[in-house]
Every structure is written in structure tokens, then in C-alpha cells.
Amino acid sequence: MIKRFAQESELWYTLHQQIFRDTFKKPNPIILYANHPDFQQTTAIDGDIDIGTGGVTEGLKNRVVMPVMETNEMTRHVIGHELVHAFQYHLLLGKDSASFENINNLPLWMIEGMAEYLSLGKKDSYTAMWMRDAYLNHDIPTVRDLTVSNKYFPYRYGEAFWSFIGSTYGDTVIVPFFKNTARFGLGYGIKRTFGYDDKTLSNLWKNAIETTYKPYLKDTLQIPVGHRLIDDKNSGKMNLAPAISPDGKYLAFLSEKNLFTVDLFLADAKTGHILRKLTRKISNTHIDEFNFIESAGTWSPDSKRFAFSVFNKGRNRMLVVDVASGNTIDVVSMGKAAQFSNLSWSPDGSSIVFQGLAEGQSDLYLYNFNTRQVKQLTNDKYSDFQPAFSRDGKKVIFSSDRTTYDQSLSQAITFNLAELDLATGKITDIKVFNGANNLNPQYSSDGTQIYFLSNRDGFRNLYRYTPATAKVEQMTDLFTGICGITEYSPALCISANNDIVYSYYRAQKYSVYNAKETEFTAKDVDARDLNSTMAMLPPTRAVGVDLINSNLNNYLAYPKIPIDSIKNIPYKPQFKMDYLASTGVGTSVSQYGTGLSSGIQGVFSDILGRNQIYAGVAVNGEVYDIGGQFTYVNQTGRWNFGASVSHIPFQTANYSVVPTNYQLNATTTIPANEERFDLIRIFQDQISLFTAYPITKKTRIELGTGAAAYYYRVDRYSTFHDTSGAVLSNTHTHISNSVYNAETTNNGIQLIPFTTYNVNAALVGDNSYFGVASPLNGYRYRLQAEYDFGTYQYFAPTIDLREYVRVAPVTFAARLYGYGRFGNTGNLYQMYVGYPFLIRGYEAQTFYSTSSKTPTNGFTIDQLSGNRIAVANFEVRMPLTGPERLSQFKSKFLFTELNLFFDAGLAWNAGDQIKFQMGPDQIGTTPELDASGKDILVNGKPVLLPVYDANQRVPALSAGISLRVNVFGAFVLEPYFAYPFNRTDISRPVFGLGFTPGW
């Protein structure tokens, strides 16, 4: 299989080379995974890879990363598509990596649409269905619409546009247009290539679509057969993989009804009323992701259980749920078939047939509930797809490429029907509409006929085949079609009571219909009658050089590389640069000296991304302010591990005024005041080892150990004043730690170097879904235990629990956070709970404002520091501006979130008394003193100030409103108004500003 893949990748290289007129001087790496679950765990690409991603090509190393797909056709298409991207990157970046800015000039529809057109060509009935839908709904986009709106799927509309360009101007104009757009931008790229503006080009494309489809639109109403059960009125826009129960009472389907996730819903099959979620990704720990793109579930014969395929723990697994309770009653791994889909339950309830992908082949398998064994039913190079049991359980009908694979020169591999006799293992090919895609076969309720979907005339309609007579009938005549999210997605199911349920595509939405067999009007058709006119993208006739389609039609006519030229060689990792960036350079000059600010960061990895190096160096001031970090991460196995070494300088300051004697000259000394500004540098030298083990996609274990040394440098900038305040001189001196600590005029600050060692372990979970500025659904948690020893010895646990409950249009968010040091902490710095990312309204600078008054309840800033902190937050979050389906006001650029919040925070030390009140208890009074230290008298009596218990701590409470603003994805800005209930030093709400995303 690998050698065949290598041959086909070289064939695609040959075809694309003729279009791009470009040659790779070095081999272009392709990283191939055995299946999609393996691909989702790739280390070559950072970030999550969802189920809908067929492959990725990245530009820095120009790697193609992809899995073996479920069918030969899909694998061939994906490698052809991704190699177009490889040529695009090579064309733009091959000589100068600075040309990355040129890529930013290219809209996504141009990049992806070009890859689709060059790998599929002009004949694509699925994309043609989308274009007919655009025409039917008077929603043909302009070039500007494609560029600025996310309404139009870039793959489908982009492919159609490029096909229009190739058909109208010839394929030789494609690459020049692409290069002009990359260099000059879309508007001038169009003008430079075609001689007119984007509006004219848009009108020409629109006219081509309208001219092509107008003669075929006989019925503008387009009312499908049956009763509409599920649509965007009672569910989402994508209502997929319908599965009706055998008794015809219930319908299971997948939908993004709740916006953030695709979940499994249960509905009444007669009324369409959605009863509940049958199960959901957020709450079911067995589900990392539903296998929803090209798969459907199946009902047990008694209509009491439902089985479906999910992604979990690095492979597909079958979940069986009890329909009445929603409880998961079985989780099954299907042996060597790490990826499988399209399940069908046998009529006797003992087994399930499914398609499975193993060792590069897509075959049929049978799982037996009694023996819990998996049996392979087919074993060959052909792709067997979408199996369904016969009503008597003796046969399985399925789609297969066994009559078309390698039978023509074209790159397209189509599907015919086939029937497997389970007793004998004999496969009977059903050659109906040979050359069309005949998919999703289902037996009729009485088992005498076979329903299936076909694009034999360029449209996607329902057909019926009678094996006894070989009669073929067309059951629907739809302008768009019966289809799922892709051409190969299941969109048809039939109950045992003559109910036919199907997904209908219209207005970029998928609705579910239910009809009886008798409601359809059957029309006899010839099994050999094929017409691909409506499968051609507009305009139907091509003018000029038609190189792409000619090449695709003769794909296998090109010579293949010899099998014996394909060699296995050991993999040897070599580091290459992924990323290098600078923060810029800045300089400053002041009384404190000359400063420099700059930094550089780099990321390096091997071709598989299994070994990664992160390195950075920065300076912010003088030579003493240079810091750096070097981190190595190994991701070869499931246990990821790494090491890090760093030197980080921090700065703080101390200010004091000290009486002194000033040496005016060699013989004269006068009294003076020394105004000291002590710049204190804290240096942290640290080494750490860490490892992580993912239990599931949502949960992982982290372990680590490390050592850190902290030491200091003090630079004193002194200004000497005489007793009248006149400046005498300025000096800069370095003060040693021993001298500094011996001084009694430094506000009690002691700079004692210390060393710490630590070991830690944590359990981390996260299945949250981020909105425009904060998570809006799911949960997060971190439970950590850490032991520190060395100069100080203490135990430091962390508890961080976060829950997000979406009740559209708002989210209720709650957090409980706690961290503490238990043991000998000495003079270790204390933690401050008043930061705005913990509680709002208590930022340190607001306590020192000139408008602040003396507090009347004893609550001061000292209440907010301690070795132990606890925080509780509650928010009501509402996306205000942003994406249409999420926010109250649609905006393409301004992404904001409005929040009402309540915060509570507590900081304390060992031995402190915690009291739940607004301030500490008053324990006495003391006279108020003037600047000279004498009592202040009023009417001869001293003014008394209250004295509060310094060993009592109270929780700080606040409430208010905030607006989080996502600033172009770079950072989140949060201005807020908070009313801090404990503070009597202020008379109005506190305004503050945060720079972190919502917790």
C-alpha cells in the first residue's frame, strides 16, 4: 500500500508540475499516518486536528501531513489536494522566506479552491450541487463576498471559481493569476491578469452560473417528498447522519444545535419534536469527538439501544447507549480496525457490520456481541463502504470500488453497489450506473428492493433497484440533492415500517425529511443511462487550454516510478528552524543610565515534530537585565518529557530618604538628606524536568521536578540635598547584599539569597470551548500537589475548578481556586490576591491614589497578601459583538463579550483568624501622631485612631460589569467597573483594566 501511495504521489507531482512549471530541487516530505485517529495525534503540526481535516501542508518545512483515508478515492484526492499546497508554498517561498507576506495577500478560497480544482477538475457533481443551490437561492457570491465573508465555504466556492477561470480563459492563466494576487493583492491581481476589476469578473462568473442552470430549474419551489422533521427552526443548520428506529418511532441524528459541539439528539420520527440529547461530548467521558463526517449509527432491532462510532483514547470505539436512560452500556474497540464507521445492526440483534480501515485497506467487519469477537468479512485492495444488513440478516449490501478501481485512466474512483452473502462469502457486483457514485444503499422494509443515492445525471437523487428484475427507478427529482456534509456522508435510512428518512441540502443547510415509500413517484430509468453535464462546473464548455482536466482524465496513463526504486531507510531526526522572531529593538537614556530593550525567540524541531527546542533571549535595561531560556521537548511516545534551563532577571525598587553628612569639599562636611532609589534585581536561575501523559484527549497527568536559585544585585541611585532642598549631586553605586542587609534605613527589606527544589504532580482536565474572549461551555480543572525544600520547606497544593454552563445567549461561569504554602516559608515573598485576573476592584495602585481616604473598617491592602489564597468567581457572560450565531450584534472585526461578575478572594497566613465580615475586629485605640512623632490634640485631648486585629483576615468581595475585547487575536483587553464591598477608602466604583482572557 505504501509503495502504491508513493507512486500516486509522484503521479500527482507530474500533473501539478505541468501547471506550476516548477520543479522541486529537494524531495518534498510527506508524513503519512495509518488512519485518522493516528493523524489527530500528530506531533508534526501544533494544535488540535479535528475530524473534518483531511490533511495539512505547512509552509516552513513544506511538509504534507495526512492519514490514509477510508476509501481509495479519498486518499487519492487528499494527496492530490495537499501537493497543490506544496507547490503553492514552493512557488512563493522557495527563494525567499520573507515572501510569507505574499501568502497573506491570498484569500483562503483562492488557496483551497485551487487545490480542489487541480485535484478534482471541472467534473464534480458535489460542488455543482452547491452552485445550483446558490443559483436556486439567489445567493451567488461576488469575489469580494468570498474574500470578506465566512458564509461561503472556501473549498466548494473556491473550486467553482477556479473552474470558471480555467474554462473561460484557459488553465494557463491560473498560475499567473495566483502569483499576481500574491504579489499585488486580489484587486490589482485581477486587473493585472484580466484587464478589468473584480466586479466585472464577479458578474461574468454569475452569468455563467445562471446561464448553465436556468434551463434545468423546472420547479422553483423545490418541495421535497415527505414531512420535514428537522431543520434550523428546531435544531441547527447541520442535521446529519439520520438513523430511524426499526419501529419508526424515533430518529437519532447528529447536529450542532448547541453551537459549540456536534451532539447526538433523539427526536420523534413523526413530529420532529426533539426529545433530548441522547448523549453529548461534554458530559460523556467516552467521547472525545463524534465520528460525524462520513458515518452514521444504528438501532438495535427492538429499538431500545443505539450504537455509533466515536473518537476516544486515540482510536475509534463503538458506544452503545440505552435510549430510555441515555446511559452508556457498552464501549467496544474493534481490534485492528482502529478507524471504523457506518454501523448496521443485524435483525437478530447478535452482531453489527461496519466498514473498518486497517493496514491501508477499507474492508467490511462483523462484531458479535455474544463472543465479543471481530471477524473480517472482506480483505482486498478495494474500498468497501456503507454496509447495511438485509431484513433477514443473511446478506449485506454495500458500496464498493471493486468494479472501478484501476479500471479507467481517470483520477476519479467511483462506487458501485455490491452484495455479500454471509454464509458463503460470495460478493455479487451490482453494476448500476457504472461510472457514477452509487452510495448509501439500504434494503426496503420488505427486503425485496434496494434504495440508494446516485449522481448518475449530475444531480443527487434517490433511486430504487429491484434485484429480482434488475429494474431501476428514480424516486426523486431534486435540483440540489439528498446529501450529507460531504459526498460520502450517509444521508438515507429506512425503518421496518416503510419510513424513508433522508437529509436534504438547501440554502447551505441540511434538513431531515420523513416519507412513506408510497409517497414517492417512481420513474423507470435505464441502468446504463449516465449524463455528466450537470456534474460539470459552470460554464459547461471550456475555452482555451484545458490541461488540468485532460491530465486528470489520463491520470493513470502517466508512467509510474518503478516499485523497486522505493526504498526503506531509517529515520534520523535532524533539527531545522520552524520559527524565528524578534520583538524589535529599543534604547533609552535617563539619570539611571542607558538601557536596551530587545529579544529574539526561535523554535526548532525535526521533520516529525517529535523533538522540539524552544529558545529565547531578551534584554530590558542593562547587561544585567539579559535573560534567556532553553527548553527541549520529546514527543516520541505517549509520555511526553522535556527539560528547561533559564536565567530570568526581575526588577523591583525601594525608595527612602536618609539623613547623612555630605562631603562638600576636602575640608567641609555639611548636614544633608540622601534621597535613595534602590534598583533591586532579583535573578532566578532555574532547571526543570517535566513529563506529561494524556489519559484521554480531555485529561492528562503531569509530573515534574526542578531546582531554582535566587540572588540579588542592588544599584543605588542617590540624590543629595542640603537642608534647604537644593540638589548637591547625583551618584550611582553598587551595594553588596551584606551591606544592604546591615542598613537599618531600607524599610525593613532583607535580601537573602535562597535555593529551592521541588517535585510536583498534577491532574489536568479541559473540554471547554472558547468564545470570543473566554470559555463559554464545558469545564476545566487542575489538581496539583507540590513539595518544595531547600532554604524553605513547605507543601503547596493547587485546586483550580472551572465550570461553564451555556444557556443561550449567555453562559454561567464559576471558578473555585486555591493555592497555599504549608510549612516553613521564612521571608519568602507573599502572594497578592488583588490582581484583576483573580478579583477585581482591589488592584494595588488604587490603594495609593490621592483620592483615597483612611479606611473606617480596618480593611487595608495588607488584607490581600499571604502565603495562602482562595478565590471564588461567578460570571454571566454574553458575547456582544462578533460571529452572527454567537453574538448579539454581528461584527467581522470587533469581538467583544459583556460580563456581570461577582468576585471573592481571601489571603492569609498560618495562625491567622478568618472571619466572614467586612473588616477585622477593632481591638483598641492609639493616639494619632504628627510628623514629629507627637500626639495630635483637639481641645486638649489626643485624637484616637482605632486599632484593628492584625491577625484577622476577611474575604474581599466585589461585583460589577466588564467588557472583554479580543484585539485582533493578539490579546484580550478587559476594562471593568467594580464595586469593592470591603473598601471604605473610596466612595465610588473602581475602574480597572485587565490584559488576560477570561478564566
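## Overall picture

A residue counts as buried when its relative accessible area is under 20%, as exposed when that value is over 50%, and as partly exposed in between, using a 1.4 Å probe and protein chains only. What you're looking at is a predicted model, where local features need pLDDT of at least 70 and side-chain atom pairs count only at pLDDT 80 or more, while totals for chains, interfaces and linings use all residues. Residues are numbered from 1 along each chain as its sequence is written, and side-chain values use heavy atoms, with hydrogens and water left out.

The C-alpha trace spans about 120 × 60 × 55 Å along its principal axes. There are 58 strands and 13 helices in the chain; both are DSSP runs numbered from the N terminus, with helices being H or I of at least four residues and strands E of at least two. Take the contacts (heavy atoms within 4.5 Å) between residues at least 6 apart in sequence: 60% of them join residues at least 24 apart. The accessible surface comes to about 44,600 Å², with 55% of it belonging to carbon and sulfur atoms; such areas come from the Shrake-Rupley method with a 1.4 Å probe, and for residues only the protein chains shown count as cover.

## Helix H5

H5 covers residues 108-120, and its 13 residues reach 18 Å from first C-alpha to last, close to the 18 Å expected at 1.5 Å a residue. That expected span is 1.5 Å times one less than the number of residues. Twelve of the 13 residues are buried, so the helix is mostly covered; among them are Trp109, Met110, Tyr117 and Leu118, and also Glu112 and Glu116.

E23 (residues 450-454) is largely enclosed by the rest of the structure, because five of its five residues are buried. Ile450, Phe452 and Ser454 point one way, and Tyr451 and Leu453 the other.

Pairing here takes at least two DSSP bridges between strands. E23 pairs with E22 (residues 438-443) in the antiparallel sense over four bridges, and five bridges join E23 to E24 (residues 461-466), also antiparallel. Ser454 shows up in both: its bridge partner is Asn438 on one side and Asn461 in E24 on the other. Each hairpin has six residues between its strands, with a positive phi near 80° at Gly447 for E22 and E23 and near 90° at Gly458 for E23 and E24.

## The E7–E8 hairpin

E7 (residues 263-268) and E8 (residues 274-279) pair antiparallel over four bridges, and Leu266 has Arg276 as its bridge partner in E8. Five residues sit between the two strands, and Gly272 in the turn has a positive phi of about 85°.

Leu864 sits in the loop between E45 (831-832) and E46 (865-866), and is buried because its relative accessible area is 1%. Beyond its neighbours within four places in sequence, Leu864 contacts residues including Tyr832, Phe847, Phe859 and Ala956. Ala907 is another of its contacts; the two C-alpha atoms are 5.3 Å apart, although 43 residues separate them along the chain.

Phe874, in strand E47 (residues 868-882), is partly exposed because its relative accessibility is 38%.
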